[in-house]
Amino acid sequence: MKIDPRTKLLILAITSISVFLNGSITIECIFAALPFLLLLSTKKIYTALKYAALFLVLLAIQFWLVPLLPVSAGGIIYMFAVYIRKLIPCFMLGSLLISTTRVSEFLAAVGKLRLPKGFTISLSITLRYFPTMGEEWNSIKDAMALRGIPVTAAGILRHPMRTMEYTYVPMLVSASKISDEITQAAITRGIDHVQRRTCMETVRFHVMDMLILVVYITVIILAFLANGKGWF
Amino acid sequence: MNKKSQKLQTRDFISVGIFSLIYAAVAFIIGGIAQMTPITFPFMPMIVALFTGTVFMLYIAKIPKRGAITILGIISGILLFITGMFWMMSAFFVVLGIIADFICASGGFKSFKKNMAAYCLFALSPMGAYVPMAIMPTQFDEFMSKKGDVSSFSSVIDSIGANWWAIPAMLLGTILCAFIGGFIGKKLLKKHFEKAGIV
């Protein structure tokens, strides 16, 4: 099953706006369940289960742990749990977008939106760099641990400047190098060509896209009803 | 320099994409941690300003071209909007990005003073999350209450809205921190990146 990258962008935008405007927990579960199913259908089972587990744990914290705590500490944990939980649908859709969309496909789809070409390139590189940044961060953490510099909250608070220097410098140096490498690869593949780009894959809306959009529009209408009339 | 190299090229757009993501990620992680407790909540823009200075200084040194900071503002704004920040913050990122771009360009991207001024201005963007507390408290209250229970935060938020000096004080504090952050950035740039031939 293939979903158009534009559909993925659109549902990501819809989710990120409506999740924070919506107060009902039922609707929020639907917003989390939809990307969960989408991730399952693209065989990203591990990612889907990881996010689902996190969602349920945070939900449980809100319902069972917070009432047991004193108000001030409870408030902080509550804020933390709710805020992260509301981000989970966006994270799921984000990882769906990143893991199932190739850069060329994304460029072709976004190119159809008639945005300036430079902006399109920057945006697709931003998406492409997400997983790489995670990998780089893990390697830096490993290297630091190997030299006996712990990347923990205590370590950061004790030596804020040193920790900042030791994480920033390798991070930014590797980012610079990677950006040069991507440039070489992209220019070799003719990204500078002035004519319209063509793409091996035909990027267009299919039945699946229509289906997803209809489902999302229904959920938004439900969210409106829930907000306005106090249903659910 | 001939005219062509003054404009943004493909290689610049690629660097813009990568560094915008790093900028937004640093702002999101540091800002997110700072916003979690009521005590550090009002200091979020200042803490972020301390940390993003290095990224900003390297960014200007690597892509000294007109338009680069505008795109940095737009992409950071989009990323932070998707991760649930108040929309005014993204608007601030875009607008201040465009102005900072003009300031840097007027110094030819080489003048440290102009770059510093641009960073001090751009670092005010997270203030976009606080200005609404004073200007349109009801709308902001609604947004925050949808986000979750804010009982332990409401006193902090109310005092920001009620005291006329709170916002100017935060602006000044952020500019000061941006200044320090910018200097740290310059120092790291000299110490590491110029030696490694990145800039």
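How much space lies in the second largest pocket? About 500 Å³, and the legends below show where.

**View 1. Chain A as a whole is built from helices.**
This is a predicted model, in which local features need pLDDT of at least 70, side-chain atom pairs count only at pLDDT 80 or more, and totals for chains, interfaces and linings use all residues. Residues are numbered from 1 along each chain as its sequence is written, chains are lettered from A, and side-chain values use heavy atoms, leaving out hydrogens and water. Chain A has nine helices and zero strands (DSSP runs of H or I with at least four residues, or of E with at least two, numbered from the N terminus). Its C-alpha atoms fill a box of roughly 60 × 55 × 30 Å along the principal axes.

**View 2. Here is the second largest pocket.**
A pocket is an open set of points on a 1 Å grid over the protein atoms alone, where a 1.4 Å probe fits, with protein on both sides within 12 Å along at least five of seven lines. The volume is the space filled by probe spheres set on the points, which are joined across faces, edges and corners. Of its 20 lining residues (an atom within 4 Å of a point), the closest to the centre are Leu107(A), Ala108(A), Gly111(A), Arg196(A) and Arg197(A).

With four residues, α5(A) gives the largest share.
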